[in-house]
Each structure stands twice: as C-alpha cells, then as structure tokens.
2 protein chains.
Amino acid sequence: MYLFWEKGFAATSLSDILERARCRSGSFYHFFESKEALLHAVLELYATMFDVVIAQPAFAAASDPIERIFAILAGYRERLLQTNCTYGCPIGRLALEVDPNNTTAFQWISTNFTAWRGAVETCLAAAPLPPTTNIPDLASLVLTLMEGAVMQSRAYRSVEPFDAAVRQLRAYLGMLTAAAEDAPKRG
Amino acid sequence: MYLFWEKGFAATSLSDILERARCRSGSFYHFFESKEALLHAVLELYATMFDVVIAQPAFAAASDPIERIFAILAGYRERLLQTNCTYGCPIGRLALEVDPNNTTAFQWISTNFTAWRGAVETCLAAAPLPPTTNIPDLASLVLTLMEGAVMQSRAYRSVEPFDAAVRQLRAYLGMLTAAAEDAPKRG
DNA sequence: GTCTATAGGATGATAGAC
DNA sequence: GTCTATCATCCTATAGAC
C-alpha cells in the first residue's frame, strides 16, 4: 500500500514489496495471485478505510457542515506538508497511472471517489445553500479541486497552489451561502 | 512523446519506443543519453508547443476573455472524447508519476504549468472582474480544476465530472462578473 | 505458510562494425 | 547515424522441499 503510494504501481517491483513486507515470493504468491491482485486489494482497502481515515476525523474536527469540508481538505494539506509536497492522493495517482483496461482497478478507484464525493455531499446537504444548488456537481467540484490542487502542489513542491485552491473554494462557497441568506429577504 | 502520454514513463519500455520510432537502440542512444533524457526532451517540447497547440487555438475560437478560458477547457474535453476518457493531460500524468528526485523533469513540469496559468491570467486580466480579484489565485484554480476534472473523468470513464467542473467554474466566474457589474452602481 | 531456487523473458544500456 | 549483437541486471511468476 505504502509503496504504490510512494512510487506508483509500475515503478514498484515485487522485490521492493518483498523487502518491505520482509517475506519471500512464495509467501506473497500464497496470498495474492499477482502484483495486479495486490493493487486491487490495496484499492479495496482504501475504500474500506475511507470513513475512518478521511471522513470521521474531519467530521470530528468541525461541526459546521461547510467547515467539515475544509477539514477534509486540511487533512490533505497536512499530508502534503508531511511529505514535503512530493506525494499526493494515492487514489489520484493510480487513477492517472493504471492501465485503462484494468477494469477491476478502475471500479475500485471510482468507488473511492464516490465515497469521497458522498461525504462532501452530506456536508453540502446540511449547509445553508440556495435551494437551486446542484449539490452533486458541487461535491464533484470539491474532489476535482482537491486532486488538481494536490497535483499542482507536487509539481511546484509547494503548498501555495493547494492553499490558493482552498481560498478560491472558500470564496465561492461564501458567495453561495450569502446568496442563500439574501434570497429569503427578497422573496 | 505519445507513449509517455498513453502509458506513462515507467510503463513505456525502450523497446516500445524503438518500435514506435522504427529504429534500433544504437540510433536512440546516439541522440539521447538515457530514457530519462528523452523524458526531459518530451517535457521541453510540450512547453515549446504550448502556445501553438493550447493557447492560440483557444484564443482564436473566442474573443471574449472569459470564453477564451472555456475554449481552453473545451480543448481538453475534446481530447477526453477522442480517447474515450482514458487519457488525460500528459503533464498532469507525469506530475504525479515522475520520481520527485528527478528535479530536471519537475522544472519542466512546472514550466508547463506556469505557461498554462499565464495564458489564463492574460484572459482574466482582460475580463470584467471586481478589482479586488486575486487573478493569480484564480488562474491557478482554473488549472487545478482542469487537472482534477480530467482525472475524475478518466476514473469514471465519462465526461460528466469534467462537465460538472466546467459548469461550476462558469457559475463562479458568473458571480464574480455580476459582482463587478453591481459594484459601480453601488459606489 | 514460508523457504530456496530458478525459470523465462524483458529491461536499460553498450560495443563496435559499417 | 544506423546497424547487429550482446551485456548485466532485473522482472514477474512458479516449483517443490520443508
């Protein structure tokens, strides 16, 4: 799991895996049919871990629904800082690297993304937004923004692009909630 | 260039390259010191090509500065459709894949991103936005959004996430230009 | 379930003739 | 500048003893 995150799938060799797991190939192939099967298991594990690792800590860190979204993003900022902005979202990295023919992997990748968007949708549904707001679109935007921001921060080896994206999201959501507050006064 | 886009750097072997270039290894190593040197040359070529391939067509397709930004994004939508949403931005893909120690590669990746943001900044500077608008932040957001949107469309094998991101950007920029129009009336 | 040993092929890169 | 031939190493995966 760690190696696919750090080096990607193709650049991680079986001997890398064996060394890190401190076992021999016989043990590996006793549990996994192939290197690709390990990838599937890793992606499945990410999906399983999502609530505990991503959603719950962010939901515990804030009670305001909009701030919970920013708490999720703050988690990624923390991970960027911890790695000197070299790594990023492991799912995003694999989403761009894995062979499109690997349908099983992509099913798990989309499962992860869907869970992520679902958590944000939950927050948005509880937020004071205009009733016309397209919440699935907006949740998709937040994921899009996180992934693009992490990528750009890796490219520049700086949190600044990430922070810029968060600032802009804050401005946009601020305008939306302001519009929701104005609407009742008008109508 | 094509193979790094299609398969990534690690998954592209020298024999893949030789087959596609229809030459032998002797010829390859006459021009390039290593596979990594080819990567650097490819990234440099992308930077060289940016104006002709990305900026100029979009600027020619629209005269309104905001619509020029959406014309850039429409170019990526077209590329997604042409590849059944399997590929994406080649720079973005390499930004997540390439070893962070490969500083030369990352210098070229950031050069590409900076050129991209520069084109968007040019558009934003000509657009009717509130004078307080942070144009570099906003240009960075557009790149962030494009990269994240392409990634998510690849993950779901659908243009829908890309379109959702564009819709949201349009809404945000619409609110900003509306605010700029209101401001003179108030002040 | 873990070990050693190894198959069978691909890998990036080089040497040197032409 | 392109060719053939090849090096040395690494790769994923398997076989079979224990």
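1. A polar side-chain atom of Ser13(B) lies 3.2 Å from a phosphate oxygen of DNA strand C. The model is predicted, with local features needing pLDDT of at least 70, side-chain atom pairs counting only at pLDDT 80 or more, and totals for chains, interfaces and linings using all residues. Residues are numbered from 1 along each chain as its sequence is written, chains are lettered from A and ligands numbered from 1 in the order in which they are written, and side-chain values use heavy atoms, with hydrogens and water left out.

2. Two further approaches to the DNA come from chain A. The side chain of Arg24(A) has an N or O atom 3.1 Å from a phosphate oxygen of DNA strand C. For Ser25(A), a side-chain N or O atom is 3.2 Å from a base nitrogen of DNA strand C.

3. DNA strand C is surrounded by 15 residues, and the closest are Gly26(A), Leu14(B), Ser15(B), Ser25(B) and Tyr29(B). A residue is near a strand if one of its heavy atoms lies within 4 Å of it.

4. Helix 3 (25-31) of chain A, helix 2 (14-21) of chain B and helix 3 (25-31) of chain B each supply at least two residues of the surface near DNA strand C. The largest share, five residues, is that of helix 3 of chain A. Helices here are DSSP runs (H or I, at least four residues), numbered from the N terminus. By residue type, this surface has four nonpolar, nine polar and two charged residues. Ala, Val, Leu, Ile, Met, Phe, Trp, Tyr, Cys and Pro count as nonpolar, Asp, Glu, Lys and Arg as charged, and the others, Gly among them, as polar.

5. Between the two protein chains, 44 residues of chain A are in contact with 44 residues of chain B, where contact means heavy atoms within 4.5 Å. The area buried between them is about 3900 Å², and carbon and sulfur atoms give 60% of this. Buried area is the accessible area (1.4 Å probe) that two parts lose on being put together, summed over both. Leu96(A), Met151(A) and Gln168(A) supply 18% of the area that chain A buries against chain B, more than any other three residues.

6. The count between chain A and chain B is two salt bridges. A salt bridge is a side-chain nitrogen of Lys or Arg within 4 Å of a carboxyl oxygen of Asp or Glu. Arg167(A) forms a salt bridge with Asp137(B), their closest N and O atoms being 2.8 Å apart. Helix 6 (90-97), helix 7 (103-125), helix 8 (135-156) and helix 9 (160-186) of chain A each supply at least two residues of the side that touches chain B. Helix 8 of chain A gives the most to that side, with 15 residues.

7. Over all chains, the structure holds ten salt bridges. Glu67(A) forms a salt bridge with Arg170(A), with the closest N and O atoms 3.0 Å apart. Glu67(A) lies in helix 5 (residues 65-82) of chain A and Arg170(A) in helix 9 of chain A, so the pair ties together parts that are 103 residues apart in sequence.

Methods: Polar contact = N/O pair within 3.5 Å; in protein donor to acceptor, adjacent residues only side chain to side chain.
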